[in-house]
Amino acid sequence: MFPRDFAWGAGTAAYQVEGGWQADGKGPSIWDTFCHEKGRVFGDQSGDVACNSYELWEKDLGCIRQLGLTHYRFSLSWSRLLPDGTTKHVNQKGVQYYNKVIDDLLACNVSPMVTLYHFDLPQALQDQGGWKSPSIASLFDSYAKFCFQTFGNRVKLWITINEPYVCAKLGHEDGIHAPGLKEPGVTAYLVGHNMLRAHSMAWHSYNSDYRTAQKGWVSLAINSDWVEPLDTQCKEDSAATERYLAFTLGWFSWPVFVTGDYPEIMRSAVDSESKKQGYNGTSRLPIFSKDEPTVLGTADFFALNYYTSRKVKQGEGRGNVLCMKSDRDAGEVLDPSWPICGVSWLAVVPDGLRKLLKYIKETFNNPAVYITENGFSQVGLLQIEDDQRSKFYKDTILEVGKAINEDGVNVRGYFAWTLLDNFEWADGYSVRFGLYHVDFEDETLNRTIYQSGREYAKIISKHKFSL
Ligand code: GAL
């Protein structure tokens, strides 16, 4: 069912697993700052120690080997490598750490997929305006070039930015992720724009300076739910679904894969609302400058993070409230037949992934796709024999197989989120997505495989050599 060279992976992110928040010269990131403020995160928890992968990397490697992964996705902590965010000062201890991770993986025949940015901006750059500042794009580009130069002889799959939607919206509109800004209707668009510019500059740098020698692929990880109209016969629900898609998946994929610009539905909605609100002659949704290289075509593959699905109904109309939700004007509901796993937002809909993959094939000209995240969480009483999650992985991977074999989608790999229980952002350690349980109560931070981990290992061993 799966191509011979299919990537079987699992992922993590630096802030969620590494700990060592001030070890060996690492600079602080916005997540260090955010967690150290009271009331931001569940139980005022933080990633100060997390799974301590900074010191216990070899334990993680043991898990990776036990699962039989062919690929491992992890992120680099920008401020561990460049404490103040700039290449003026390189922290060699950080370089050594990631060199070891990469070399150990390769020695075990596991290919690294490396994310440059997974939510943890160096605090020093936040102090200069962070993602709101236009100059962040060239600072990110310098960081990216430093990473290509330092690790690119061994890393062939790169993700520039993980989930720009989540960074922009949760961090700058809702204020529930770092840097905790609540500036609705304005800042998220600006931040999203600068992330696209940053991504694009880094892709162009790779393309012109590194691709020939290093022969890798670069993309950005786009999160998207699968969405359908609540009432398929209702025109308003269908129109709302189009708008919903334009403001989520379309926001980042249209510029990169289709036109070099935002989806027309999004552009016209934000422009006309901005006009009504007295933004004379300017829109809250920024415009791509003709003086910068185009963002169109700046992805060598489609990196998709899929967790859940939604039904969409017509919105309540655009009121006077300045926010993205009002611009989007579409309501979301959960189908009562979908089981909820752990966190309230995560309805389990494996076939939504198949539908979304088909949509991506048809809309974005049949790109190579890596599913860079997909997973299932536990909350409360944790079960090592997690039957529900085992079934989730079986069902979901079956849908991926159908997408490949029946719908002809060019899926190149699947990465479970996540290798081991870790710091789940605003939910702290209360929400567990791991294939391995981590005992955060005990200082050894023991890793124990869940039944779902064993199930995933079985699936991998069955398919890895099936051809
Ligand atoms: C994604 C994020 C991951 C992980 C996951 C589960 O948005 O990239 O870091 O936390 O969600 O919520």
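Okay, quick word on a term first: a residue is buried if its relative accessible area is under 20%, exposed if over 50%, and partly exposed in between, using a 1.4 Å probe and protein chains only. What we have here is a predicted model, where local features need pLDDT of at least 70, side-chain atom pairs count only at pLDDT 80 or more, and totals for chains, interfaces and linings use all residues. Residues are numbered from 1 along each chain as its sequence is written, and side-chain values use heavy atoms, with hydrogens and water left out.

Let's go to salt bridges, meaning a side-chain nitrogen of Lys or Arg within 4 Å of a carboxyl oxygen of Asp or Glu. A search of the whole structure turns up 31. Take K276 and E273, which meet at 2.7 Å, N to O. They both sit in helix α12, three residues apart, about one turn of the helix. On helices and strands: these are DSSP runs, H or I with at least four residues for helices, E with at least two for strands, numbered from the N terminus. So is this pair buried or exposed? Well, K276 is exposed at 63%, whereas E273 is buried at 3%.

Now one that reaches further along the chain. E292 bridges to R197, with the closest N and O atoms 2.9 Å apart. E292 is in the loop between α12 (264-276) and β7, and R197 is in helix α9 (residues 187-214), so the pair ties together parts 95 residues apart in sequence. Here E292 is partly exposed at 32%, and R197 is buried at 13%.

On to the rings. Phe, Tyr and Trp rings (for Trp, the six-membered one) pair if their centres lie within 6.5 Å; planes under 30 degrees apart are stacked, over 60 edge-to-face, and the rest tilted. The structure holds 48 such aromatic pairs. One of them is W31 with F34, edge-to-face, at 5.0 Å centre to centre and 75 degrees between the planes. Both lie in helix α2 (residues 30-36), three residues apart. W31 is buried at 0%, and F34 is buried too, at 2%.

Then there's Y307 with F433: centres 5.9 Å apart, planes at 75 degrees, so edge-to-face. Y307 is in the loop between β7 (302-305) and β8 (309-314), F433 in the loop between β13 (431-432) and β14 (436-438), so this pair ties together parts 126 residues apart in sequence. Both residues are buried.
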